[in-house]
Amino acid sequence: MSLRTSTRTPDQRQARAVRLGPRSLTALALVSAVGVAGFGWPFLAPPGSQIGAHAQDAPWLFAGLLVLLVAVVAAAISESGLGPKAVAMLGVLAATGAALRPIGAGTAGIEPMFFLMVLSGRVLGPGFGFVLGSVTMFASALLTGGVGPWLPFQMLAMGWFAMGAGLLPGPDRLRGRAELAMLAGYGFLAAFAYGTVMNMAGWPFMSALASNVAFDPHAPVAANLARFVAYCVATSLGWDLGRAVVTVVLTLTLGPAVLRALRRATRRAAFETPVTFEASRQ
């Protein structure tokens with residue numbers, strides 16, 4: 001028997017996204033569903049319900065979300081779609097993202113890690129993007145001491161942020177300025193979406209007596225939605241705008257070089273290079 005692989009050189013191969021198997025996709029769907037409930041329960045529970053009891057349940061929700069996130073990563077790594085080469089790529093990108101995050105700490109909206117998540121998700125696919133976003137945020141929390149009940153929400157939100165970039169159209173055909181414009185537009189909108197989702201994680205625990213923009217468990221959904229919009233405008237709009245602008249600027253200026261580097265590394269890694277066996281000729 002002789003071993004035969006593709007005769008094309010690494011630079012001639014198509015850069016292919018890392019695929020996840022059924023177990024990983026099932027875990028991803030489960031954790032996303034729980035995450036939607038964890039973020040959106042103020043708008044899902046009927047007015048006047050015993051919603052205040054959720055404050056005591058928050059640590060349990062934190063533990064459950066974290067376990068599910070770990071399950072996503074473990075299931076992804078255990079399957080062939082995320083083999084040793086992809087795990088090494090995951091480690092390098094997560095470490096880079098974690099190192100970039102503290103650069104803008106305390107400065108409104110200067111968060112350069114977001115553009116790297118967009119470009120990585122674009123090249124390596126939605127499944128890899130979700131795992132990368134979650135792992136990067138976890139590593140960053142360990143690096144900066146930001147571990148707390150908010151961490152699983154940050155991991156979920158960043159995972160969704162990077163996954164969305166992998167779901168954008170034309171991964172094999174769209175290139176050049178059109179692709180950069182699409183990625184910049186996505187980064188701009190997704191930066192606001194990330195901030196809005198993270199606001200939902202903390203907004204319900206404000207005291208309704210302390211502010212007229214706080215969550216009121218006895219108010220109808222429309223009234224709470226208006227309160228939430230006012231809360232976002234008053235507390236995070238400036239930060240979210242800065243994050244969106246920085247993401248767009250870095251995507252347009254550094255994007256071409258980073259995309260080329262990621263695609264070349266992906267081709268050279270050949271995550272899914274087919275290997276076939278054939279009988280050797282005598």
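Mentor: Let's start at Arg 101, which touches Met 113, Met 137, Ser 140, Ala 141 and Gln 154, leaving aside residues up to four places away in sequence; contact here means heavy atoms within 4.5 Å. Before going on: this is a predicted model, where local features need pLDDT of at least 70 and side-chain atom pairs count only at pLDDT 80 or more, while totals for chains, interfaces and linings use all residues. Residues are numbered from 1 along each chain as its sequence is written, and side-chain values use heavy atoms, with hydrogens and water left out.

Arg 101 lies in the loop between α3 (84-100) and α4 (113-124). Helices are DSSP runs of H or I with at least four residues, numbered from the N terminus. With Ser 140, Arg 101 makes a side-chain to side-chain polar contact at 3.1 Å. That term means a pair of N or O atoms within 3.5 Å; within protein, one must be able to donate a hydrogen and the other to accept it, and residues adjacent in sequence count only if both atoms are side-chain atoms.

Now the charge story. Arg 101 is buried yet has no salt bridge, and the nearest side chain of opposite charge, Glu 111, is 4.9 Å away. Buried means under 20% relative accessible area, exposed is over 50%, and partly exposed is in between (1.4 Å probe, protein chains only). For a salt bridge, a side-chain nitrogen of Lys or Arg has to be within 4 Å of a carboxyl oxygen of Asp or Glu.

So where does Glu 111 find a partner? Glu 111 forms a salt bridge with Arg 243, at 2.8 Å from N to O. Because Glu 111 is in the loop between α3 and α4 and Arg 243 in helix α9 (residues 237-269), the pair ties together parts 132 residues apart in sequence. Glu 111 and Arg 243 are both buried.

Arg 243 also meets Asp 240 in a salt bridge, at 2.7 Å from N to O. Those two are 3 residues apart in helix α9, so about one helical turn separates them. Asp 240 is buried, like Arg 243. Put together, Glu 111, Asp 240 and Arg 243 form a network of salt bridges.

Arg 122 is buried at 4% relative accessible area, and Glu 179 is buried at 2%. The salt-bridge count comes to 4.

Definitions and conventions
Lys, Arg positive; Asp, Glu negative; His and termini not counted.
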